[in-house]
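Subject: Structure handover and findings

Hello,

Here is the structure for you to look at. My notes on what was found in it follow below.

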Amino acid sequence: KQNHVNLNFWYDVGVSMLSGDKKHVAEVMKCHKNPDCRLDPSWDYYDWVLCKPGYMKQCIKAGIPMIPTVMYENGFDPKQCMKDVQKMGWEKFFVKVGHFTFFGSGAINGKTEDFLGHKAKDLDQYAKENKNSKVFLLQPYMLKPNGEVFDEVRNFFIDGQWRYSVFTHGTEGGNAGYYMEPDGPRKEACKAMAERAYQEVLKAATWQGKRQTPLLNRIDIGIIPKVDGSPWADVNGVRVK
């Protein structure tokens, strides 16, 4: 409280929840919500970032391409989930908690026919394990033609300006899994989409109730090789979301 501002680049409520210590989580939450702690990002903007449906709806309304998503904001119902999956016609689907979560925590995926059959109990168990969460996202389970998960181009904005982008492989770890995104159509397509999303960030970013330009932002753009029938947007010949 003695500082003019405390820059929080990582540790937050979502991370504290990974500890499983309810007392500690409550302490971190209290700090985030207390203006006297002078955290940046402050609570209102921080919660906008961490609660996915909020910024996703805002981006969709602004015309920014988004992977098809069914949003649940009052808990997870396995039966409703399967009705929605069948309505969307997805052979595979992916469900994840949409608020205060990281590293695949609160996620499940698989073939629709399996969850309609012998894996139905798995979805019921998933609902029980995540009964304390209210927000969930249902999406098609997207893979590249070679069967690997999609990649990302991570765009970094510093003091309101796009500065650089980094390619991140969806499956590899270590230095082989990421590198500076090379110049080309993919970089430009992802940069253009990230800049559109950043305009929505500026509409939401506040500190102590006043509009501000965030010091640092990272906007990740999912990418996948062009596939006929893909629900992802086609920008300069690149499938992105």
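Is E73 buried, partly exposed or exposed? E73 is partly exposed, because its relative accessible area is 43%. Please keep in mind that this is a predicted model.

Salt bridges

The structure contains nine salt bridges. In one of them, the side chains of K57 and E73 come together at 2.5 Å, N to O. K57 belongs to helix α4 (residues 52–61) and E73 to the loop between β3 (70–72) and α5 (78–88), so this pair ties together parts that are 16 residues apart in sequence. Like E73, which is partly exposed at 43%, K57 has a partly exposed side, with a relative accessibility of 42%. K57 as a residue therefore counts as partly exposed.

A second salt bridge joins the side chains of R154 and D220, at 3.7 Å from N to O. R154 sits in strand β7 and D220 in strand β12 (residues 216–224), so the pair ties together parts that are 66 residues apart in sequence. R154 is partly exposed, with 23% relative accessibility, and D220 is partly exposed as well, with a relative accessible area of 28%. The two also belong to a network of salt bridges that links E152, R154, R218 and D220.

E200 counts as buried because its relative accessibility is 6%, a value under the 20% cut-off for buried residues. K203, in contrast, is partly exposed, with a relative accessible area of 48%.

The second largest pocket

This pocket has a volume of about 540 Å³. Its lining is made up of 21 residues, and those nearest the centre of the pocket are M17, H99, F100, N132 and S133. Two helices, α1 (13–17) and α2 (22–33), each contribute at least two residues to the lining. Sorted by class, the lining has nine polar, seven nonpolar and five charged residues.

A nonpolar patch on the surface

Twelve names make up the list for this patch: V5, L7, F9, W10, Y11, L18, F103, I158, Y164, M180, L215 and L216. Together they have about 1,200 Å² of accessible area. One of them, F9, is placed in the loop between β1 (6–7) and α1. F9 counts as exposed because its relative accessible area is 55%, and the cut-off for exposed residues is over 50%.

Backbone points

Some backbone details are worth a look. As background, most residues other than glycine have a negative phi, and most peptide bonds are trans.

The peptide bond from D40 to P41 is cis, and its omega is near 10 degrees. P41 is in the loop between β2 (39–40) and α3 (43–50).

R38 has a positive phi, near 55 degrees, and is a residue other than glycine. The loop that holds R38 runs between α2 and β2. With 27% relative accessibility, R38 is partly exposed.

Q208 is not a glycine either, and its phi is positive at about 55 degrees. Q208 is placed in the loop between β10 (206–207) and β11 (210–211). Its relative accessibility is 35%, so Q208 counts as partly exposed.

Two pairs of positions

How far apart are the C-alpha atoms of L143 and P225? They are separated by 9.5 Å, and the two residues are 82 residues apart along the chain. L143 is in the loop between β6 (136–140) and β7 (151–158), and at 25% relative accessibility L143 is partly exposed.

The other pair is V28 and Q125, which are 97 residues apart along the chain and have their C-alpha atoms separated by 29 Å. V28 is part of helix α2. V28 counts as buried because its relative accessibility is 11%.

Regards

Conventions. Residues numbered from 1 in each chain as written. Predicted model: local features only at pLDDT ≥ 70, side-chain atom pairs only at ≥ 80, totals over all residues. Heavy atoms only, no water. 1 Å grid on protein atoms, 1.4 Å probe; cavity = no way out; pocket = protein on both sides within 12 Å on 5 of 7 lines; lining within 4 Å. Points joined across faces, edges and corners; volume = space filled by probe spheres on them. Helix = DSSP H or I, 4+ residues; strand = E, 2+ residues; numbered from the N terminus. Nonpolar A, V, L, I, M, F, W, Y, C, P; charged D, E, K, R; others polar. Patch = residues over 30% accessible without salt bridge, like charges linked within 9 Å, V, L, I, M, F, W, Y side chains within 5 Å. Areas by Shrake-Rupley, 256 points an atom, 1.4 Å probe, with all protein chains shown as cover. Salt bridge = Lys/Arg side-chain N within 4 Å of Asp/Glu carboxyl O. Buried < 20%, exposed > 50% of the residue type's maximum accessible area, 1.4 Å probe, protein only.
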